[in-house]
Amino acid sequence: MAIVSAGTQLFQLHNDGMIWRYTGQPCSGTNCPGWQRLDNNRKTVALATGENQLFQIHNDGRIWRYTGTPCVGESCPGWQMLDNNPRSNKIIAARNQLFQMHGDGGIWRCTGTPCSGASCPGWQMLDNNGHTTAIAAGGNQLVQLHHDGEIWRYTGTPCRGESCPGWQRLDKNARTQELAVSGTHIYQRHNSGQIWRFTGPACSGESCPGWRRLDNNTKTTRIAAAGFN
């Protein structure tokens with residue numbers, strides 16, 4: 001169903017919710033023994049990794065962090081709950097930071113405090129904008145995409161009440177469909193297949209000149225980025 005990687009580690013998610021970590025042993029013929037099971041939960045819908053950490057989100061909005069204990073038989077105790085919010089629909093991680101996006105466009109950063117019973121206080125709101133459709137992170141950068149193609153980069157100031165001033169606009173292009181971040185680099189994909197890299201500066205009024213085109217191929221449907229630089 002999905003694979004994710006971080007550092008030298010590789011993980012896979014099966015369509016039955018099983019999560020597996022690669023141990024380094026390649027296949028021999030049809031036998032592929034190099035996988036260790038970390039979880040077995042049909043509610044799991046997505047994974048996120050940041051450096052040495054692994055996270056999962058369930059279809060009920062619960063978010064979990066792997067603590068290092070693999071499954072033993074059918075018991076998979078190595079997970080710590082970080083949130084229990086049905087509004088959560090996406091998680092991403094970068095380095096040692098974890099972010100979630102809500103269905104209403106809210107963006108939150110994990111402060112590290114796990115849940116205690118039904119209380120999950122370990123989250124700080126970074127934005128609360130109903131226009132947000134996607135987020136991407138890499139290195140120390142977090143960016144968001146709005147439904148009208150606007151791209152915004154987080155500058156480090158969290159929300160205070162309903163005010164969320166910590167965002168800087170990088171682009172406004174209705175053709176933008178997807179974002180990817182790799183360390184200091186931000187990329188976008190247009191619905192025409194064009195790929196662009198942010199070179200700076202940020203937008204000034206309606207002018208957003210800080211982008212350089214890297215490709216122009218109508219067959220392109222996805223982009224991905226990796227690395228810390």
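This is a predicted model: local features need pLDDT of at least 70, side-chain atom pairs count only at pLDDT 80 or more; totals for chains, interfaces and linings use all residues.
A disulfide is a pair of cysteine sulfur atoms within 2.5 Å. Residues are numbered from 1 along each chain as its sequence is written, and side-chain values use heavy atoms, with hydrogens and water left out.

Back to the cysteines. Searching the whole structure turns up 5 disulfides. If the bonded cysteines of the protein are numbered in sequence order, they pair up as 1-2, 3-4, 5-6, 7-8, 9-10. The link of Cys203 and Cys208 has a torsion of about 110° about its S-S bond, so this disulfide is right-handed. How accessible are its two ends?

Another of the disulfides joins Cys115 to Cys120, with 2.0 Å from S to S. That link is right-handed, with 110° about the S-S bond. Cys115 is buried at a relative accessible area of 16%, and Cys120 is buried at 17%. Cys27 and Cys32 make a disulfide too, and their sulfur atoms sit 2.0 Å apart. Here the angle about the S-S bond is 105°, and the link is again right-handed. Its ends are partly exposed: Cys27 has a relative accessible area of 48%, and Cys32 has 38%.

What about Cys110? Its sulfur is 9.0 Å from the closest cysteine sulfur, which belongs to Cys115, and that is too far for a bond. Cys110 is buried, with a relative accessible area of 14%.

Next come the strands. Helices (H or I, at least four residues) and strands (E, at least two) are DSSP runs, numbered from the N terminus. Two strands pair if DSSP finds at least two bridges between them. Strand E2 (residues 9-13) is joined to E3 by 3 bridges, and the two run antiparallel. Across this pairing, Phe11 stands opposite Arg21 in E3. The hairpin of E2 and E3 has 4 residues between the strands, and in it Gly17 takes a positive phi near 90°. E3 also pairs with E4 in the antiparallel sense, over 5 bridges. In that pairing, Tyr22 stands opposite Trp35 in E4.

Further along, 4 strands form an open sheet in the order E5-E6-E7-E8, with antiparallel pairing. Strand E5 (44-50) and E8 stand at the edges with a single partner strand each, so one side of each has no neighbour in the sheet. From one strand to the next, the twist averages 25°. (For such angles, axes are lines fitted to C-alpha atoms, for helices over the stretch in contact, and the angles run from 0 to 180 degrees between N-to-C directions.) Inside this sheet, strand E6 (residues 53-58) is joined to E7 by 3 bridges, and they run antiparallel. Gln56 stands opposite Trp64 in E7. As a rule, in a regular strand the side chains alternate between the two faces of the sheet.

Finally, the aromatic rings. Rings of Phe, Tyr and Trp (its six-membered ring) pair if their centres lie within 6.5 Å; planes under 30 degrees apart count as stacked, over 60 as edge-to-face and the rest as tilted. The structure holds 4 aromatic pairs. One of them is Tyr22 with Trp35, a tilted pair at 5.1 Å centre to centre with 50° between the planes. Tyr22 lies in strand E3 (residues 18-22) and Trp35 in strand E4 (residues 35-40), so this pair ties together parts that are 13 residues apart in sequence. Tyr22 is partly exposed, with a relative accessible area of 30%, and Trp35 is partly exposed at 24%.

Tyr66 and Trp79 form an aromatic pair as well, tilted, with 5.1 Å centre to centre and 50° between the planes. This pair links distant parts of the chain, with Tyr66 in strand E7 (residues 62-66) and Trp79 in strand E8 (residues 79-84), 13 residues apart. Are these residues buried or exposed? Tyr66 counts as buried at 12% relative accessibility, and Trp79 counts as buried at 11%.

How values were computed:
Buried means under 20% relative accessible area, exposed over 50%, partly exposed in between (1.4 Å probe, protein chains only).
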